[in-house]
Amino acid sequence: MYILFGDVLDGMLEGAGIQPVLLFSFFTFFSAGGYLLERIQLTGTFFSACISLTAAFIFTVILNVFVLIPLASAEESLVYFDEDLKGRVGEVLTSIPVNGYGEVLLKSNSGSIAKPAASFEDIPVPSGSEVIIIDIKNGILYVSIYEKLEDLI
C-alpha cells in the first residue's frame, strides 16, 4: 500500500506532520494483533481491540524511535553545503587559466567531490596543484594556491 499510495499521502499529510509510514505500520500492527487475538479468542472483541490498539501504538513508537529516526539522521550526514567547503584544501584536476574555469577535486571521508573552479587572484593554476577555497559564488569555487607554512620557512 505504501508503494502505491505513499507519495499521495506524503503530499496530503505534509503540513500535518504525520508520516504515512507510521500510519501504515500502525494499521498493520493493529490488524495483525486483532486478527491473532480473535483467532485465539481469549477475550471478547472489545477487549481484543483495546489490547491490539495498545500493542500497535507501542510497536509503532518503538519502530519510529529505533528505526525511522536513526535512518533519517543517517541520510543527512552525507549532505554538504557550499558554505561548508570554504577553507578546505583540494587538488586541481583541470588546470585553471586566467579568467577561465577549471576543476577541483575535494576528498572527504564520505567520498570525493569535483566542482568547477576559477582563480581568486586571476592567475593561472596548473593541474595537480593544491588549492584552498576562498569563496563560492553560483556553484563555482574561487581558489588560491595553497602554500603550507613549512614551505614558507
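Which sense, parallel or antiparallel, do β3 and β5 pair in? Parallel, over three bridges. Let me use that as the way in.

Quick housekeeping before I go on. This is a predicted model, where local features need pLDDT of at least 70 and side-chain atom pairs count only at pLDDT 80 or more, while totals for chains, interfaces and linings use all residues. Residues are numbered from 1 along each chain as its sequence is written, and side-chain values use heavy atoms, with hydrogens and water left out.

Okay, the strands. Two strands count as paired if DSSP finds at least two bridges between them. As a reminder, strands of a sheet pair through backbone hydrogen bonds, either parallel or antiparallel.

Here we have a closed barrel of five strands, and the order around it is β1-β2-β3-β5-β4, with mixed pairing. From one strand to the next, the twist averages 55°; those angles are between N-to-C directions of axes fitted as lines to C-alpha atoms (for helices, over the stretch in contact), on a scale from 0 to 180 degrees.

Now walk through some of the pairs.

Is N138 buried or exposed? Exposed, at 80% relative accessibility. For the record, buried is under 20% relative accessible area, exposed is over 50%, and partly exposed is in between, with a 1.4 Å probe and protein chains only.

There's another asparagine to look at. N99 isn't a glycine either, and its phi is positive at about 55°. N99 belongs to the loop between β1 and β2, and with a relative accessible area of 68% it is exposed.

On to charges. How many salt bridges does a search of the whole structure find? Four, where a salt bridge means a side-chain nitrogen of Lys or Arg within 4 Å of a carboxyl oxygen of Asp or Glu.

Take K115 and D82, whose side chains meet at 3.6 Å, N to O. K115 is in strand β3 and D82 is in the loop between α3 and β1, so this pair ties together parts that are 33 residues apart in sequence. K115 is buried, at 12% relative accessible area, whereas D82 is partly exposed at 29%.

Then there's K86, which is partly exposed at 36%. K86 bridges to E83, with the closest N and O atoms 3.1 Å apart. K86 also bridges to D135, where the closest N and O are 3.5 Å apart. D135 is in strand β4 and K86 is in the loop between α3 and β1, so that contact links parts 49 residues apart in sequence. D135 itself is buried, with a relative accessible area of 18%. Through shared partners, salt bridges join E83, K86, D135 and K137 into one network.

Last stop, the helices. L37 is in helix α2, residues 20-40, and is partly exposed with a relative accessible area of 21%. Leaving out residues up to four places away in sequence, L37 touches L42, S48, I51 and S52, with contact meaning heavy atoms within 4.5 Å. L37 and F47 are ten residues apart in sequence, and their C-alpha atoms are 9.3 Å apart in space.

In helix α3, residues 45-76, find V65, partly exposed at 41%. V65 is one of the residues in a nonpolar surface patch that also includes F57, I62 and L71, with about 940 Å² of accessible area together for the whole patch. Areas come from the Shrake-Rupley method with a 1.4 Å probe, and for residues only the protein chains shown count as cover. Patch residues have over 30% relative accessible area and no salt bridge; nonpolar side chains (Val, Leu, Ile, Met, Phe, Trp, Tyr) are joined within 5 Å, and like charges within 9 Å.

That's my tour, thanks.

Definitions and conventions. Helix = DSSP H or I, 4+ residues; strand = E, 2+ residues; numbered from the N terminus.
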